[in-house]
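User: I would like to learn how to read a structure like this one. Please take me through it feature by feature.

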Amino acid sequence: MYCKKFKSTYKNLKVLVTGSTGFKGSWLSFWLNKLNAKVIGVGLKPEKDNILFSSLKLNKKINQHFIDICDYNKLSSIIQKARPDIIFHLAAQSIVSDSYKDPLHTIKTNTLGSTNLLEIVKKNKLKNLIYITSDKCYLNNGDKFSFNEFDKLGGNDVYSSSKAAAETIFHSYYNSFFKKDSKYLKMATARAGNVIGGGDFKRNRIIPDLFKSIKFKKKLIIRNPNSLRPWQHVLEPLSGYLLLGEKVLSNNLKNNLYPSWNFGPNVKNCKRVIEIIKKFYEYLDIPKKYKILGNSKMNEAKILRLNINKSNQELLWKPKLNLDQCIRLTSNWYINYLINEDVFNITNEQIEFFSEK
Ligand SMILES: NC(=O)c1ccc[n+]([C@@H]2O[C@H](COP(=O)([O-])OP(=O)(O)OC[C@H]3O[C@@H](n4cnc5c(N)ncnc54)[C@H](O)[C@@H]3O)[C@@H](O)[C@H]2O)c1
């Protein structure tokens, strides 16, 4: 029920969203706009096949700046001018396979870009920052069943290590500069799992790949069929970020709390890639057309589960959707897209449906 309160929390607030042109950032900006927040967006221009930002008419609904967060001066002048009440930082190079192709770019964006933001927040004495990293920030040597917020950070691939580094940099800024300023937590990091939902058009993510294979009548290529992942609908972690934002805004969390929270699904939503794909085909009621290419050479963690007890206990956050509902919402969105490309209404309806739960 906590989603219902978001309207009174975010109404008329100036909210800066970095990564507003991406998958999660577009959903978040759209949701915040529905809550009557004044959204300022920062991000690169959407990639060619990513229609989400434009279909949601976000260029008209939010104050969007197409800039690189590694450009300190540009980012600084936008933030200085806007002086947002709260910042949600989602901008990142978010694809593991791309970090193999261009490791330097991934590290630059995810660490230098994030440090620029922290430095600008510090210089301008801003408060209220929700800093999104990833479940992949935990050191995963395949010997642990699930990860809680106090587990060791690290990465055996460049994307994961860039997210672990982004976390470490956050904690160093927090302890060095921010913690002493208030007896309440005014900033926090959020770590979520494998997010699915309509409007993800990234390459090398299994669900967008599935729907592209359907659109172009091709076989889906599956590279890591047995990797276990914590599947969750995009609105689940976003509700966690908004709830965390609300607690931070209202001085609800004492600064003796550890400022990081996991927002993963229930254990039942942790399934192997191949099981998820089969469930999608069953829901869509179409013949299975896929090819398994064996395990990829990339060093992607095979088992990844998030322990969400801390979010449960300290924020009273919990996942609302079971796996079948996640699959239904995601499939219905893409079916709409494949039929008529009008995704505005279905995105709106899905946020309303979720907010009522
Ligand atoms: N999608 C998932 O399953 C998932 C899981 C865990 C964590 N995350 C994290 O959540 C965040 C959002 O993920 P997403 O799926 O929406 O990713 P996405 O790739 O769809 O969007 C990334 C956003 O960051 C922006 N961006 C990238 N480089 C930038 C730069 N140099 N300067 C300015 N903007 C830049 C892009 O323009 C885009 O708006 C990321 O931090 C990602 O690492 C995502």
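This is a predicted model: local features need pLDDT of at least 70, side-chain atom pairs count only at pLDDT 80 or more; totals for chains, interfaces and linings use all residues.

User: Which residue of β6 stands opposite I130?

Analyst: I130 faces A188 in β6.

User: What pairs with β5 besides that, and in which sense, parallel or antiparallel?

Analyst: Strand β4 (residues 86–89) pairs with β5 in the parallel sense, over three bridges. There, H89 stands opposite Y131 of β5.

User: How do I read the two faces of a strand? Which residues of β5 lie on each side?

Analyst: Check burial on each side separately. In β5 (residues 129–132), L129 and Y131 lie on one side, I130 and I132 on the other. All four are buried, which leaves both faces covered.

User: Now helices. How do I find the buried face of one?

Analyst: Start from the geometry of the turn. An α-helix has 3.6 residues a turn, so residues three or four places apart point the same way.

User: Which residues of α14 are buried?

Analyst: T347, Q350 and F354 are buried in α14. Down the helix axis, the buried residues of α14 fall within an arc of 65°, so they line one face. The face turned away from them carries the exposed residues F344, N345, E352 and E356.

User: What do the buried residues of α14 pack against?

Analyst: They pack against three helices: α2, α10 (235–249) and α13 (323–340).

User: How many residues does α14 have, and how far does it reach?

Analyst: α14 (residues 344–356) has 13 residues. From first C-alpha to last it reaches 19 Å, close to the expected 18 Å.

User: Let us compare with α2. How many of its residues are buried?

Analyst: Ten of the twelve residues of α2 are buried, so the helix is largely enclosed by the rest of the structure. The buried set includes F23, W27, F30 and W31. K24 is buried too. The span of α2 is 17 Å, close to the 16 Å expected. Just after α2, N36 takes a positive phi of about 70°.

User: Where does the ligand come in? Which residues are closest to it?

Analyst: The shell around the ligand holds 26 residues, and the closest are G19, G22, G43, L44 and A92. The elements giving two or more residues to this shell are α2 (23–34), α7 (103–123) and β7 (194–196). The largest share, three residues, comes from α2.

User: How does the shell divide by class?

Analyst: Ten of its residues are nonpolar, twelve polar and four charged.

User: Last one: how do I read contacts across the sequence? Which residues does L315 touch?

Analyst: Not counting residues up to four places away in sequence, L315 touches L243, L244, K247 and W261. L315 sits in helix α12 (residues 309–315). Along the chain, L315 and L244 are 71 residues apart, yet their C-alpha atoms are 7.2 Å apart. L315 counts as buried because it has 21 C-beta neighbours inside 10 Å.

Technical notes:
Residues are numbered from 1 along each chain as its sequence is written. A residue is near a molecule or strand if its C-beta atom, placed from the backbone, lies within 6 Å of it. Ala, Val, Leu, Ile, Met, Phe, Trp, Tyr, Cys and Pro count as nonpolar, Asp, Glu, Lys and Arg as charged, and the others, Gly among them, as polar. The expected span of a helix is 1.5 Å times one less than its number of residues. A residue is buried if 20 or more other C-beta atoms lie within 10 Å of its own, exposed if 12 or fewer, and partly exposed in between; C-beta atoms are placed from the backbone. The arc is that of the directions from the helix axis to the C-beta atoms. Two residues are in contact if their C-beta atoms, placed from the backbone, lie within 7 Å. Two strands pair if DSSP finds at least two bridges between them.
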